[in-house]
Amino acid sequence: MAELAIAKKQKTPWYVSQARRKRSFAILLTTFFIVMQIVWVGLPIFMTVLWSLVDPNHPWSYPNILPEKLSWGQWVYVFKYTNIIRALKTSYTIAPFAVLLSFILSLPTAYVLGRKQIPGKKFFQTIVLLPIIMPGMVVALFLSRVFTAFGLAQSFIGLVLAHTLMGLPYMIRVLTTSFEAIPQDIIDAAENLGANTFTKIKDIFLPMVRPGLLAGMVFAFTTSIEEFNLTFIIGTPTFETIPTILYSFLGYNFIRTNASVVALIMMIPNIVMLFAVENILKSDYLSASLGKL
Amino acid sequence: MKKLLAMMLAMFALAGVAFAAGPAIDLQTASWDQIVAAAKAEGSVTFYAWYFPDYFKEAAADFEKQYGIKANVIIGDQTANFNKAIAEKDMQVGTIDVMIVGGQWVKTTTDLNLFYGPIRNILPDANKMPATAWEVQEGVLIKGYLAPFHRNQTGILYDPDRVKNPPQTWDELVAWINAHPKEFGFCDPSKGGSGQSFVHTAIGALTGGLEKYKGDKELVPAKVANWDIVWKWFNDNKDKMTITVSNNDSIIRMNGGEISMTVAWDDNVKDMISKGNLFKRAKMYIPKMGLAGGGDTLGVLKNAKNKAAALVWINFIQSKEQQLKKFQMVGAYPARTDLPIEGTLLSEEDRKNNAIPWFPAPYKDYMIKEFVKNVLMK
């Protein structure tokens with residue numbers, strides 16, 4: 001009997017039990033992560049949805065855990081009394097242009113910062129981040145003076161430029177890292193085979209920075225959609241965007257129900273877009289170049 | 001090419017001259033009919049507010065129907081609105097024609113000389129508003145530059161299910177706070193007028209009344225020497241009260257059951273109830289110890305493009321029909337004294353007997369700064 005017990009104990013090799021421990025640890029971590037996502041992200045979104053559906057005649061107060069009655073009243077209010085449709089159109093017209101301009105301006109900058117050695121490189125890498133370090137309202141107040149002097153205030157181009165300014169730091173930062181990761185031997189091999197600059201850009205650089213590009217575009221797009229200070233000072237009254245309407249309910253005069261409606265209108269397309277981009281975000285090229293595929 | 005350039009330059013020059021010309025009439029001396037005609041010629045007015053999007057949208061539609069002038073209403077945020085107006089101060093022509101003025105910004109904007117005026121002498125219904133409302137706002141001398149368009153009043157807001165004997169005097173309030181720790185809340189005075197009102201009343205109760213500050217144009221240091229009694233009281237009782245972060249936050253926390261009594265603005269409360277953000281059983285009153293009130297005003301920016309239209313808009317908002325409509329839609333107490341009003345949260349009797357005026361602005365400013373320094377930062 002004792003020999004059977006010893007035999008059974010000896011049956012599980014150390015590498016199997018170690019693998020089992022690693023697997024249970026991975027499962028534990030994943031569960032923890034999912035729970036945190038539900039609490040950190042899912043719960044607030046769920047609350048926002050609930051608050052946006054509170055019937056105006058049936059306030060949601062303590063001690064009710066859930067609202068008494070749900071209705072579309074708050075949504076009707078926002079669509080009836082704010083220019084949300086016009087704001088939606090403006091927001092989603094400015095954002096693609098801002099992203100495109102960010103892309104065009106950041107690509108050469110990121111290439112230099114990522115692959116070249118220039119004097120003062122660290123300094124430049126820091127100052128491109130300035131627009132996001134400085135408080136938004138401060139940037140807006142001073143930029144409005146400049147824009148007014150150049151006749152750019154209250155204009156579509158001015159707003160696109162302003163949004164580009166806020167999106168550039170993210171784009172440049174992410175693209176710089178992507179450029180840094182491209183192995184030099186691939187470029188050397190291409191040059192040996194006779195590739196000119198245009199071919200290098202088209203067939204090597206662009207495909208390899210694609211993940212970074214898409215990530216940067218998502219940042220720039222979201223930043224543009226959420227940009228309030230610059231739009232309010234330089235754009236209104238000619239242009240209204242979703243954040244300028246959101247802040248009327250979210251700022252000094254905080255009205256949770258109406259703010260929830262506008263927040264969802266702002267959030268949902270962004271979330272959908274993020275999921276879509278995640279599917280496109282493949283690092284096949286970069287992984288292949290490093291011999292991992 | 002040269003010809004085209006010359007033509008373009010000529011066009012711009014002409015446009016510049018036309019732009020710089022300004023209104024054709026002198027608004028201070030013109031008759032009201034002339035001003036209305038000039039307003040119609042201007043064709044539009046841009047108005048910035050930070051509340052009542054529902055009322056102002058309908059008012060804009062009514063305005064356009066009545067005068068044929070388009071009203072662009074932008075509902076922004078209080079701080080953002082004033083930052084924008086101040087940022088545009090040095091521009092020849094700004095983007096805002098008329099805006100709501102209120103809170104601590106009355107002092108800031110008056111000191112910066114942001115508004116055109118005086119306008120009290122131009123508006124036909126000026127004498128229907130209380131004279132004091134044209135002269136002083138938030139303790140600042142506005143000298144007829146800003147037009148009152150609604151009055152609001154702070155009062156004690158409470159949950160009648162949890163508060164059985166609402167306090168009337170300072171001592172009763174202190175006793176209630178001691179008996180119900182953390183159930184009384186008030187807003188940080190640097191973030192909202194309801195908190196300022198509470199601290200203002202506290203100063204009156206603890207340092208021998210508010211009469212002695214009346215009429216002072218500047219802070220008299222001797223009169224505020226004993227305010228350390230007030231800060232000591234707040235520090236000693238801080239743990240028994242809840243300090244909220246805005247006027248609305250006080251109401252939201254009451255709705256959430258965190259507190260059962262607070263100081264709030266009557267129009268705020270009515271707005272929150274009507275949007276389902278506060279339970280309907282909430283009650284409000286002005287205690288015998290007094291709480292301050294005031295009102296917001298409308299101001300025409302000095303560099304407004306459409307000054308005549310701005311004045312016509314102000315007169316429109318001050319009209320009987322609009323004042324009544326505003327009250328019915330959003331519960332904002334009219335600035336006009338000739339309207340019969342029913343169904344307000346605060347009784348007319350309370351307003352007459354217990355509402356008190358603010359002390360002068362320099363004291364208000366000092367009160368807020370000292371509160372932050374001596375109470376919040378300790």
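This is a predicted model: local features need pLDDT of at least 70, side-chain atom pairs count only at pLDDT 80 or more; totals for chains, interfaces and linings use all residues.
Taken along the principal axes, the box filled by the C-alpha atoms of chain A is roughly 85 × 65 × 30 Å.

The domain assignment of chain A gives domain 1, covering 2-52, and domain 2, covering 83-289. The centres of these two domains of chain A, taken over C-alpha atoms, are separated by 37 Å. The contact between them involves 4 residues from domain 1 of chain A and 6 residues from domain 2 of chain A. On the domain 1 side of this contact in chain A, 2 residues are nonpolar and 2 are polar, with no charged residues.

Within chain A, one helix pair is worth a look in the viewer. Helix 4 of chain A spans residues 84-115, helix 8 of chain A spans residues 156-180, and the two pack with their axes 6 Å apart at an angle of about 40°. Because angles under 35 degrees count as roughly parallel and those from 65 to 115 as roughly perpendicular, helix 4 and helix 8 of chain A are oblique to each other. The crossing of helix 4 and helix 8 of chain A is right-handed. By class, the residues of this contact in chain A are 18 nonpolar, 8 polar and 2 charged.

Chain B is built from both kinds of element, with 15 helices and 13 strands. For its 378 residues the globule rule gives 21 Å, and the radius of gyration of chain B is close to that at 23 Å, so chain B is as compact as a globular protein of that length. The C-alpha atoms of chain B occupy a box of roughly 85 × 45 × 40 Å along the principal axes.

Where the domains of chain B meet, 11 residues of domain 1 are in contact with 14 residues of domain 2. The domain 1 side of that meeting place in chain B is made of 4 nonpolar, 4 polar and 3 charged residues.

A helix pair in chain B can be described in the same terms. Helix 8 of chain B (residues 193-206) and helix 15 of chain B (residues 361-376) have axes that come within 11 Å and cross at roughly 95°. As this angle falls in the range from 65 to 115, helix 8 and helix 15 of chain B are roughly perpendicular to each other. From helix 8 of chain B, the contact draws on Gln196(B), Val199(B), His200(B) and Ile203(B), which meet Lys364(B), Met367(B), Ile368(B) and Phe371(B) of helix 15 of chain B. Sorted by class, the contact of helix 8 with helix 15 in chain B has 5 nonpolar, 2 polar and 1 charged residues.

The two chains also touch each other, with 33 residues of chain A in contact with 34 residues of chain B. On the chain A side, two or more residues come from each of helix 3 (73-81), helix 7 (136-149), helix 11 (229-235), helix 12 (242-250) and helix 13 (256-280) of chain A. Helix 7 of chain A gives the most, with 4 residues. The side of chain A that touches chain B divides into 17 nonpolar, 14 polar and 2 charged residues.

Finally, a few backbone details are worth checking. Most residues other than glycine have a negative phi, and most peptide bonds are trans. In chain A, a cis peptide bond with omega of about 10° joins Tyr62(A) and Pro63(A); Pro63(A) sits in the loop between helix 2 (14-52) and helix 3 of chain A. In chain B, the bond from Gly117(B) to Pro118(B) is cis as well, with omega near 0°, and Pro118(B) is in the loop between helix 5 (105-111) and helix 6 (131-135) of chain B. Gln154(A), although not a glycine, has a positive phi of about 60°, and Gln154(A) lies in the loop that links helix 7 and helix 8 of chain A.

Methods:
Residues are numbered from 1 along each chain as its sequence is written. Chains are lettered from A and ligands numbered from 1 in the order in which they are written. Axes are lines fitted to C-alpha atoms, for helices over the stretch in contact, and angles run from 0 to 180 degrees between N-to-C directions. Angles under 35 degrees count as roughly parallel, over 145 as roughly antiparallel, 65 to 115 as roughly perpendicular and the rest as oblique. A crossing is left-handed if the near helix is turned anticlockwise from the far one by less than a right angle, and right-handed if clockwise. Ala, Val, Leu, Ile, Met, Phe, Trp, Tyr, Cys and Pro count as nonpolar, Asp, Glu, Lys and Arg as charged, and the others, Gly among them, as polar. Domain bounds come from an automatic or database domain assignment. Two residues are in contact if their C-beta atoms, placed from the backbone, lie within 7 Å. The radius of gyration is taken over C-alpha atoms; the globule rule is 2.2 Å times the number of residues to the power 0.38.
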